[in-house]
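Let's take a walk through a protein model and stop at a few spots in its backbone. Have the sequence and the 3D view ready.

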Amino acid sequence: MSIETFDPKNSVLFLGSGFSANATNILDEKLPAGESLLEILAKAIDESPKDHDLKSVADAYSRRFDVSLHDILYNTFTVSSVLDYQREILSLPWARIYTTNYDDMVNLVKGGTFPIFTFDDDKPRTLPQSFAVYLHGSIRRATEDNVDRDLILNSHSYDMITRDYQTWFYEFQRDRRTFDACYFMGFSLGDHHITSLMAAGETSASRTHFITRNPPKAHFVDRVQPYGEIVPIGFDGFAKLAKALPPSVKPTSPRSLGSFKFLQRGIDSKPTVDPTPIEIINLVTFGNFNQARFFNTTRDNSYVMQRGTKTTHALSLLKTNKTLLIDSRLGNGKTIFTSLLARAASDNGYKCYLWRRAGKRLAQDLEVIRDEGRALIIFDDYDTAVDNIERISASVPDAKFAITIRSGRQDVRQHEIQTKIPEPIKRVNLDILEQNDKELLRHILNRSGARRDDFDEIIDSSREIREIVTKLYDNAYIRDKIRISIENASSELVHILTLASLIKWAGVEINDSDLQDLADCDIYAELNKSGSFGADLLSKADDRIEMRSALLSEYLIQKILPPKQVLDACYRITIVSTRRLDDRVYRLLAGVLMKDSTLKKFLKDSPDTDFLLSKYYERLSDDRMVNDEPLFWLQYAIFTKRTGSIKYARMFLDTGYDRARKLKNFKTFQLDTQSLSIYLLEEIKSTDPVVKGLENILASIKLVSDMISEPSYRQYAVDVIGEIPAFVEARQHLLENAEKIALVFELNRTSNVLAALPDDKKALSGSEIVRSRLEKSIKQLEMTKF
């Protein structure tokens, strides 16, 4: 048995109906489990349990007026007394208790002050230290009028929680990954809704225990084996064991941390050897970077190019700055650079830690890091950094930070960076390859045999890593290997690859249970069946399955995967993400994968891109929650504007404003900039001798120019201001003198705002080019005044 320590304050208890069996209800009867409840309900309506399952018999109840479903459930699941082991187990100071039961045993044992939530409660901003969640509803909340809604029993209610009330189920997913242990008692995994949340990642499985009778049922053993370990000691045996076991040992060294991975030379006990040619080819083409191999190579330049100039520069910046933002375009080596930096920094006296996840012993982990001193904490995901860096910085005040961020995202996150990332901040950009880096890469690739006829020309002419790798994909052997492997893979694996590629391309991280929810299949089983092909493309570590390479993800999406496959995966991610907009990762995913520019880029080689996207947006509009999202209508408007349907673009944008008014604190800046763009385009294409939209244009110019001072809105504003000169060119001759004066006033005001930007912001946004064109338009208008 693997349970050697026990700490309920850092553990999750999950209860199924088997745990409550043999407690006594107010009818002085034993509480039923699933099959027994089916018999009780069927008997009450004079039907055979053989003709029903639990959902269908509840549906049958809802059609009857001569029997009360509430009364029978209330009498059945209101507990009057519990067994000793039930009381002892529930009385333990669990961090979390989740249950699919309806009975009020937790209420009875824990008392009236213990925090309890049900599936339809909003999650508070600050959670109690310990609480319980009734995932399928509580008999104490149900009433005669709403029992079929407040208790998840019939088919309609199951559909309802799946569609509308997922918050606490996702909380359970996170807790299973981050707490020290999760103990299942009396749960058979027969509920597909719960089972689908449980991916079989090694980390989660190693800390998941199913407490059963001895011997356990054979079919149960087969079912739960991927998700955790069966401990056949019975509930009474567990209650006794809980009194005898010591608590888990707190971390004592950097190597024993749960929330961080300690990075240094000799990262593990593996021998120091150089990588094989196949490993190097897989690194370059598939992004299969073995971090342990990197830290255990004999020679520093045998696996990856050193990027010595960038590394030296980064180390010098760390001396006087708190945070390094390591930015580049997709596929230019941010992840590998963090390992290069960690190795160089550890050689210079730093203790380097790579963030993994927020474990429940994070506070103790941070104590170790603080006591070790000279900490460099690395985040290989910007959004994860934003969510966690304030707490880490407060606990380890002398720590330095290195955070990777994609260049395009940095442009629109300036306000967030300035307010949440510890200062002073400096940037290290990785896009341009130094000449000595090219030579090192040439040497590594040449040694590995990754050549093609124009190999040297590719290296010499490329300015970025992504250019070299993209051209290597055109190697017939590599291209055909990828294509044939995709064609021979199962449809489930291809779906997983498509989802994972879109997520990787979007630049976000999700856990395996989230990917499993999106894929609607056992992702570990499919990956194991795929053999080396799946392992080449997909990494599975720390309960996260993801594409190894963002650049390969882009290549698969654009060149290999069928457009329908890509759009179906986009649709699945979008509708799931729209239901989880309170999570910043899903908010970002929904925003990225609804964008017309993103989808057009994905389908750039398809001959009927616009037709496919038209059908795709129509399909999205049929989903109720997507239809309620303002940014969906914004993107639908952008698509119809781009394809020439200006009338529909205006209608869809107005719909976006309507949806935005119904949401609290929704910022409409993207709608506002697009509104100006559509007003301008309507007039440019108009043949009317009167500029009827000028009043709207003037108001929109004023609104958009006010956005320029806000870093997160600036790029949107500058881009749309750049469309004004085309309107002036097309319609100036039709403007009255007073109209020209009003327009010149607003354009001068906008030009002055652009001119006031700091030089670095001008260069970043391209605002000076726009201002120059705007000044020419102003002169045109002034020359034609009469």
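In which loop is Pro215 found? Look between β8 (208-211) and α12 (218-224): that's the loop that holds Pro215. Keep in mind as you look around that this is a predicted model.

The peptide bond from Asn214 to Pro215 is cis, and its omega is near 0°.

## Two positive phi angles

Most residues other than glycine have a negative phi. Arg307 isn't a glycine, yet its phi is positive, about 50°. You'll find Arg307 in the loop between α15 (291-295) and α16 (308-320).

Asp520 isn't a glycine either, and it has a positive phi of about 60°. Its place is the loop between α27 (512-519) and α28 (523-530).

So are these two buried or exposed? Arg307 counts as buried because its relative accessibility is 2%, while Asp520, at 58%, counts as exposed.

## A buried serine in a helix

Last stop: Ser751, which is part of helix α42 (residues 737-755).

What is Ser751 in contact with, leaving aside its neighbours within four places in sequence? The answer is Arg771, Leu774 and Glu775.

How values were computed: Residues numbered from 1 in each chain as written. Predicted model: local features only at pLDDT ≥ 70, side-chain atom pairs only at ≥ 80, totals over all residues. Heavy atoms only, no water. Helix = DSSP H or I, 4+ residues; strand = E, 2+ residues; numbered from the N terminus. Contact = heavy atoms within 4.5 Å. Buried < 20%, exposed > 50% of the residue type's maximum accessible area, 1.4 Å probe, protein only.
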